[in-house]
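Subject: A structure to look through

Dear colleague,

Please find below the structure that I promised to pass on to you.

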Amino acid sequence: MRRLLILTSLLLSSIAAIAQPRAVDKIDTVKLWPNGAPDAFEIPGPESGFLVFKAHDYEVPMMEVYPAKEPNGLCVIMCPGGAYIMQSQTYEGRDPKDWFNARGITYCMLQYRLPVGHSEVPLHDVQQAIRIMRSKAKELGITKIGIAGNSAGGHLAASAATLYVDKETRPDFQILMYPVITMEDSFTNGLSRDALIGKKPSKDLVDRFSLEKHVTPDTPPAFIVLCSDDPDVPVTNSLRYYEQLVANKVSASMHIYPTGGHGWGWKDSMLYKSSWLSELEDWIENIALKIK
């Protein structure tokens, strides 16, 4: 009799466990192109004129996925910064995951390939990341996918928001932190420009990746945050982008703080961290969650 009671108890416990949704802490790191990227290339040597010292570290594009245990429908794919010559995968990469997860948002950190002159490659990687997360939407309770990025990662995020090719690769919203936007020589970040399009790019290539020139009424809503004393990416980058968003009647929120410089990411040392995160949380609740 005692054995029967134990077996019955175990059976009921198993049934209850099956009935409850399982909390997923992390999906295994997902390779973007498991069968090889269609635009794969051999990383050149330093004689190419490109900074290639870190390129091999990011040769395999992949994405870390951190699902929310109580999803609210949103997913954010983060593109770390690093001037397209490296990637800051800690405070500009995976560090924000707990903040987003706590608010019901599935969080992904993208490791994209560095371009070393192959300018379309990072964009292809982020577009593939969006496709992959759309394929996992039902499994993870996702209804909207946003793109985010810092500095050159902000340029990549804004590229995804303006240079998408179809509804599958169009993000639903964008979150940009001190982003590089233009490739115009007077206002860009020189390292990012040289790494992405080369030291002597054609006008067509400059125009292609000057993202303020590609804003349309269909560009997704944007949250932009930066500091006015940024020494590396002129404020003009964000101002131009914001102006074009407004001109095209795209919902846009921009927050400029007086000090903080560049590259603060998720660092607690950023004096206005609590302020801009409060603004971001409000924007998520009032804009991102209400996108149709």
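A surface patch, as the word is used here, is made of residues with over 30% relative accessible area and no salt bridge, where like charges are joined within 9 Å and nonpolar side chains (Val, Leu, Ile, Met, Phe, Trp, Tyr) within 5 Å. Accessible areas come from the Shrake-Rupley method with a 1.4 Å probe, and for residues only the protein chains shown count as cover. Please keep in mind that this is a predicted model, in which local features need pLDDT of at least 70 and side-chain atom pairs count only at pLDDT 80 or more, while totals for chains, interfaces and linings use all residues. Residues are numbered from 1 along each chain as its sequence is written, and side-chain values use heavy atoms, with hydrogens and water left out.

On the surface, L51, F53 and L191 form a nonpolar patch with about 310 Å² of accessible area together. L51 sits in the loop between β1 (27-31) and β2 (62-66), where strands (E, at least two residues) and helices (H or I, at least four) are DSSP runs numbered from the N terminus. Because its relative accessibility is 45%, L51 counts as partly exposed, a class that lies between buried (under 20% relative accessible area) and exposed (over 50%), with a 1.4 Å probe and protein chains only.

As for charged pairs, the whole structure holds 14 salt bridges, each being a side-chain nitrogen of Lys or Arg within 4 Å of a carboxyl oxygen of Asp or Glu. One of them joins R113 and D125, whose closest N and O atoms are 2.7 Å apart; R113 lies in the loop between β4 (106-111) and α4 (121-135), and D125 in helix α4, 12 residues apart. Both R113 and D125 are buried.

In another salt bridge, D218 meets R170 at 3.5 Å, N to O. D218 is in the loop between α8 (203-208) and β7 (222-227) and R170 in the loop between α6 and β6, so the pair ties together parts that are 48 residues apart in sequence. D218 counts as partly exposed at 41% relative accessibility, whereas R170, at 18%, counts as buried.
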